[in-house]
Amino acid sequence: MGVGRPGEPPTMDAKARAELDRAVARNVALVLSLPSAGMMRHCKSRFLDCDDGGIVIESVRSERILLESLAGTGALAAVSFKSAFDRVMFAAPIARLLDDHPISAELSADALLVGFPQSVKIIHRRTHYRVALGTGADWSIRVWRMPPRARLGDRPATGSQVMAELLDLSVGGAGVILVGQEGAAPKVDPGDRLRVELSRGEQTLLIEGKMRLPARGPRPDRVRAGLQFIGLETDMTGRQTSALLTRIVGELQREELRRTRLGLVG
């Protein structure tokens, strides 16, 4: 069952709802933060399930007295958990405690019921520094869809190119605008293998990637997305590419800092 009351219009965007639904369905671990004496007590817990009344979370035995004092008062508890690339957070009231809540036909656990959140905040967790590239940047990017069994070095098929504009670059990926033809959406999906070519002058890097976090704007033919570089640690060629990317991004970062000190970057 998805998160939300039956018949109630959604109060969070589709991505946030999907992340929360997925976490509840998979019993993802979470941090439950409880208000106490003007501070917050942070406790480890996990999602159990949800029903029409709210989201069911495993109780924290060591905080039983505090939970009893909060249940039904409207006081907000904070819940945070990790997804693949993001940290997801929301606040909700503790409705009531559920003793011996059934998990399966054979198992039960003490739990607590929290209300459905009115909003969910998603914070992207980046592991690499991204350097913003302006319109006059030396680096450019070209992207093609790859068949499942194709090799990175194979000549791309005619018509497989996806027009792209480079926004930023890191060792782990790039931010791009993907552009469709004749006003249509670009022909690329998150599951596609992508052949990514970064170039500056005569220098060219060939990397396999995949699209993630596509965000459509007011124009259907332009989609902002991330390209995650993959395969950089699987063989010697990948490690050499990773080392070269590290050097390139380092140089771009130093140039960015220099421009910032000179007041050339807002």
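**View 1. The structure holds 11 salt bridges.** Here a salt bridge is a side-chain nitrogen of Lys or Arg within 4 Å of a carboxyl oxygen of Asp or Glu. Keep in mind that this is a predicted model, where local features need pLDDT of at least 70, side-chain atom pairs count only at pLDDT 80 or more, and totals for chains, interfaces and linings use all residues. Residues are numbered from 1 along each chain as its sequence is written, and side-chain values use heavy atoms, with hydrogens and water left out.

**View 2. Glutamate 58 pairs up with arginine 46.** The closest N and O atoms of this salt bridge are 2.7 Å apart. Glutamate 58 sits in strand 3 (residues 54–58) and arginine 46 in strand 2 (residues 39–51), so the pair ties together parts 12 residues apart in sequence. Strands (E, at least two residues) and helices (H or I, at least four) are DSSP runs, numbered from the N terminus. Glutamate 58 is partly exposed at 25% relative accessibility, and arginine 46 is partly exposed too, at 28%. For the cut-offs, buried means under 20% relative accessible area, exposed over 50%, and partly exposed in between (1.4 Å probe, protein chains only).

**View 3. Glutamate 208 meets arginine 193 in a salt bridge.** The N to O distance is 2.9 Å. This one links distant parts of the chain, with glutamate 208 in strand 13 (residues 203–216) and arginine 193 in strand 12 (residues 193–200), 15 residues apart. Glutamate 208 counts as buried, at 18% relative accessibility.

**View 4. Salt bridges that share partners join Arg64, Glu68 and Asp99 into one network.** Within it, glutamate 68 bridges to arginine 64, the closest N and O atoms being 2.9 Å apart. These two are four residues apart in helix 2 (residues 64–70), which means about one helical turn separates them. Glutamate 68 is partly exposed at 44%, and so is arginine 64 at 28%.

**View 5. Helix 1 (residues 14–25) has a buried side, with Ala16, Arg17, Glu19, Leu20, Ala23 and Val24 all buried.** Those residues cover an arc of only 160° around the axis, which puts them on the same side of helix 1; the arc is that of the directions from the helix axis to the C-beta atoms. On the face turned away from the buried side you'll find the exposed residues Ala14 and Ala25. The 12 residues of helix 1 reach 16 Å from first C-alpha to last, close to the 16 Å expected at 1.5 Å a residue. That expected span is 1.5 Å times one less than the number of residues. After helix 1 comes asparagine 27, with a positive phi near 55°.
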